[in-house]
Amino acid sequence: MSDSRECRVAVFSTQKYDRIFLTQAATDSNVQFHFLEPRLEPDTVILAQGATAICAFVNDRLDADVLKALKDSGIDLVALRCAGFNNVDLKAAEDLGVRVARVQAYSPQAVAEHAVALLMTLNRKTHRAFNRVREGNFLLDGLMGFDVHGRTVGIVGTGRIGRAFGRIMQGFGCRVVAFDPYPDPEVEEMGIEYLPWEAFLSQSDIISLHCPLTPETHAMIDATAVGLMKPGTMLINTSRGAIIDTHAVIDGLKSGRIGSLGLDVYEQEENLFFKDLSEEVIQDEVFQRLLTFPNVLITGHQGFLTRQAMEEIARTTVDNLRCLSNDERCLNRLV
Ligand code: NAI
């Protein structure tokens with residue numbers, strides 16, 4: 001790897017696995033990581049002092065104030081170690097002259113396969129069976145699922161992850177339909193049919209969300225959308241929490257319109273996920289309500305967490321930092 005200028009990087013929201021994979025990827029490079037556990041927010045920006053760049057993750061807050069504080073301390077380079085960038089005020093970054101890069105694609109399969117894991121667990125209730133068998137309870141009452149084969153699976157957003165998910169579901173023998181304002185002929189060639197929103201909602205037995213969080217997709221799954229779904233629809237969200245209106249979905253679960261719900265993301269997840277809160281009283285009542293449903297399964301934003309994805313995220317992040325700090329062209333640059 002050709003190098004030059006030293007790039008000192010403050011890594012926010014560090015977990016053990018970030019440290020391992022990023023350190024390995026930075027061997028023989030001009031990138032030096034300084035690992036920090038806190039999440040990036042106005043109160044923690046100060047921890048980045050002395051660095052020339054920062055590395056941030058999904059729940060780090062990169063709003064105009066934080067970006068300005070970074071710039072004031074001489075930091076004009078942000079490397080996101082994730083694909084989504086809804087937590088970054090790109091306009092403010094551009095105005096301030098802060099360069100931002102992300103990891104555009106690492107392992108779409110990692111997230112798609114996690115969505116399938118949620119789907120299959122909810123359907124065949126292996127999480128409940130696991131506990132029963134360990135307690136010596138071999139009754140099957142309450143464990144009935146349905147054949148996934150032959151069901152209609154609806155994908156919202158046929159990008160890299162949505163497409164990978166669609167391919168897997170075609171392998172199960174499902175009819176796969178999609179909603180995306182930007183239909184892709186390659187997806188149609190795969191045998192996936194685009195439908196208008198209302199038809200999409202009313203025909204799908206299982207709906208999986210794979211679009212980015214934008215002003216258009218914010219609360220896209222609201223009370224109206226839930227009302228158009230088939231009774232008993234399974235809803236899976238591995239994309240971003242705010243794409244669903246959680247209150248509307250809770251009402252849908254109560255009425256049975258939503259038959260089961262699998263979440264890897266949650267709108268207020270920054271207060272919960274990636275932390276051990278097992279000794280604390282969780283104050284988020286909406287989240288607590290979700291946990292009371294037997295047909296809701298929540299994981300804490302782990303869709304990306306495979307060895308292959310982590311290697312690719314770390315490699316691309318180091319490469320982005322190297323290119324940007326050397327003023328080279330960077331394909332993953334957002335601003
Ligand atoms: P992508 O950019 O390849 O695809 C996004 C698709 O959504 C595109 O086809 C786009 O046309 C479509 N889209 C845009 N606006 C839409 C709308 N209003 N309605 C329906 N579709 C719309 O993105 P990729 O790589 O497939 O990732 C999708 C999302 O998955 C990311 O934005 C991120 O939020 C989430 N993600 C979650 C992870 C996890 O660990 N749970 C990890 C990585 C990504």
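1. T317 first. Leaving aside residues up to four places away in sequence, T317 touches L22, C55, A79, L80, R81 and V103. T317 belongs to helix α12, which covers residues 307–325. The relative accessible area of T317 is 0%. The cut-off for buried is under 20%, so T317 is buried. Note that this is a predicted model.

2. Buried or exposed? At 4% relative accessibility, T158 counts as buried. What does T158 touch, not counting residues up to four places away in sequence? The list is R163, A178, D180, V187 and Y194.

3. Aromatic pairs. The structure holds nine of them. One involves F179 and F200: the ring centres are 6.4 Å apart and the planes stand at 55°. Planes under 30 degrees apart would count as stacked and over 60 as edge-to-face, so this pair is tilted. The pair links distant parts of the chain, 21 residues apart. F179 lies in strand β7 (residues 175–179), and F200 lies in helix α8 (residues 197–203).

4. Aromatic cluster. Which residues form one aromatic cluster? Y17, F57, F274 and F304 do. On the model, pick out these four residues together.

5. Fold content and overall form. The chain has twelve helices and twelve strands. Along the principal axes, the C-alpha trace spans about 60 × 50 × 35 Å.

6. Packing across the sequence. Of the 335 residues in the chain, 50% are buried. T158 and T317 are among the buried residues. Take the contacts with a separation of 6 or more: 68% of them come from residues 24 or more positions apart.

7. The accessible surface of the chain is about 16,100 Å². Carbon and sulfur atoms hold 51% of that surface.

Key. Residues are numbered from 1 along each chain as its sequence is written. This is a predicted model: local features need pLDDT of at least 70, side-chain atom pairs count only at pLDDT 80 or more; totals for chains, interfaces and linings use all residues. Side-chain values use heavy atoms; hydrogens and water are left out. Helices (H or I, at least four residues) and strands (E, at least two) are DSSP runs, numbered from the N terminus. Buried means under 20% relative accessible area, exposed over 50%, partly exposed in between (1.4 Å probe, protein chains only). Contact means heavy atoms within 4.5 Å. Accessible areas come from the Shrake-Rupley method with a 1.4 Å probe; for residues, only the protein chains shown count as cover. Rings of Phe, Tyr and Trp (its six-membered ring) pair if their centres lie within 6.5 Å; planes under 30 degrees apart count as stacked, over 60 as edge-to-face and the rest as tilted.
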